[in-house]
Amino acid sequence: MTHDDIDLFRRARPEAPAYDPTAKASLRERLATQTIEETPVRTRKPMRRFVAVGALTAAMAVGVTVVQNVEWGGGAPGPDGGSRPVVLGPVANAAAGEFAAKAIDKANAESPVTPRPHQWGYVKSVHAESSKGAGGRLFGPPDRRVTKESWRRVDGAQAATVVRGKVQVRPVTDLERSAVPRSDYPYLLSLPTDPKALLDTVYKATEGHPVDRNAAAFRAIEVFMRDAALPPRLRAAMYGALAKIPGIRFERKAADILGRPGVTFSVVEEGYLRSEIMIDPRTYEYLGHRTVVIRAHQATTERGTVLRDKPGTVLGWGGLVRAGIVDSAGARP
């Protein structure tokens with residue numbers, strides 16, 4: 001490998017907790033013994049690595065009880081268990097815009113909520129892993145589920161996660177705050193709640209990204225929602241921004257990693273990948289993300305090994321189980 005996946009992940013995901021040295025060494029050893037040991041020469045962009053490398057990080061978290069509820073403006077539980085990937089079809093942007101408009105109307109009808117600087121954003125998420133290994137992506141079917149809990153202080157000064165059953169708090173460094181795109185609370189809460197202004201801001205923040213600007217903007221917005229408890233008005237504005245991205249697709253019938261019914265925004269990347277954002281059609285809560293192969297594709301590793309992906313192959317999959325604002329690290333909504 002020409003890059004250390006873990007270090008790359010740390011640069012791209014400032015909110016993620018630092019690795020425990022023992023756990024990191026163990027993880028490296030496990031990856032070294034996987035059936036597929038190499039990564040493609042065609043290095044996946046940092047935003048693509050958010051999915052699978054995030055799943056590896058989740059393996060270090062303790063506690064796998066899934067509480068299927070999202071708190072901050074309400075939410076409804078969904079059915080337990082996994083679901084099979086759904087192949088989505090294109091729908092006109094008008095449908096996406098209509099959905100976003102309804103989410104914005106609902107959010108505007110609620111009392112605005114502004115978290116205090118010393119409060120914490122809590123997120124409980126579930127990620128898919130594969131029994132055939134992972135490293136920048138899944139190397140087999142998503143047949144395992146790992147749950148992770150994390151906290152980030154609203155002022156951006158500290159982060160926390162569960163390590164060996166204990167909540168560990170650490171400071172956030174300046175280097176972590178310099179990640180592009182930023183996804184810390186001070187930045188997120190400064191974003192405009194007008195969809196057009198928000199999309200313009202995201203385009204500017206992702207300028208120079210090696211993938212298509214629309215795909216990069218889509219990915220950035222998904223990351224914003226993935227690891228934060230967002231005010232309803234800001235979250236709804238993100239849906240409105242998604243609906244304005246050229247080439248966006250919208251599907252009214254889909255299921256997330258926990259089998260919960262949802263609608264899906266998606267965009268095609270590099271001609272063979274579809275990135276998806278799933279949303280609860282009743283509460284307008286963010287449900288999760290998935291990256292799936294839609295056209296046969298192959299890449300050659302540095303050692304000459306050819307990796308082939310068939311249509312329908314899931315490269316990364318995760319969902320938001322519960323999120324909310326709490327008064328201290330370790331507290332749960």
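Biologist: Is Arg282 buried or exposed?

Modeller: A residue is called buried under 20% relative accessible area, exposed over 50%, and partly exposed in between (1.4 Å probe, protein chains only). By that rule Arg282 counts as exposed, because its relative accessibility is 54%. This is a predicted model, in which local features need pLDDT of at least 70 and side-chain atom pairs count only at pLDDT 80 or more, while totals for chains, interfaces and linings use all residues. Residues are numbered from 1 along each chain as its sequence is written, and side-chain values use heavy atoms, with hydrogens and water left out.

Biologist: With which residue does Arg282 form a salt bridge?

Modeller: Side chains of opposite charge can pair when their charged atoms come close. The term salt bridge is used for a side-chain nitrogen of Lys or Arg within 4 Å of a carboxyl oxygen of Asp or Glu. Arg282 pairs with Asp280, and their closest N and O atoms are 3.7 Å apart. Asp280 is buried, at a relative accessible area of 5%.

Biologist: How many salt bridges are there by this rule?

Modeller: The count comes to 18. One of them joins Arg153 to Asp155, at 2.7 Å from N to O. Arg153 is buried, with 18% relative accessibility, whereas Asp155 is partly exposed at 27%. Salt bridges also link Arg219, Glu222, Arg226 and Glu269 in a network.

Biologist: Where do Lys196 and Asp200 lie?

Modeller: Helices (H or I, at least four residues) and strands (E, at least two) are DSSP runs, numbered from the N terminus. Both residues belong to helix H7 (residues 195-205), where they are 4 residues apart, about one turn of the helix. Asp200 is partly exposed, with a relative accessible area of 39%.

Biologist: What does the secondary structure of the chain come to, and what percentage of the residues is buried?

Modeller: The chain has 9 helices and 11 strands. Of its 333 residues, 56% are buried.

Biologist: In which helix is confidence lowest, and in which is it highest?

Modeller: Confidence in each residue is given by the predictor as pLDDT, from 0 to 100. The lowest value is in helix H3 (residues 46-58), at a mean of 33, and the highest is in helix H9 (residues 232-243), at 97. Over residues 1-92 the pLDDT is below 50. Where pLDDT is low, the predicted coordinates should not be read in detail. The chain averages a pLDDT of 77, and 72% of the residues score at least 70.

Note on methods
Contact means heavy atoms within 4.5 Å.
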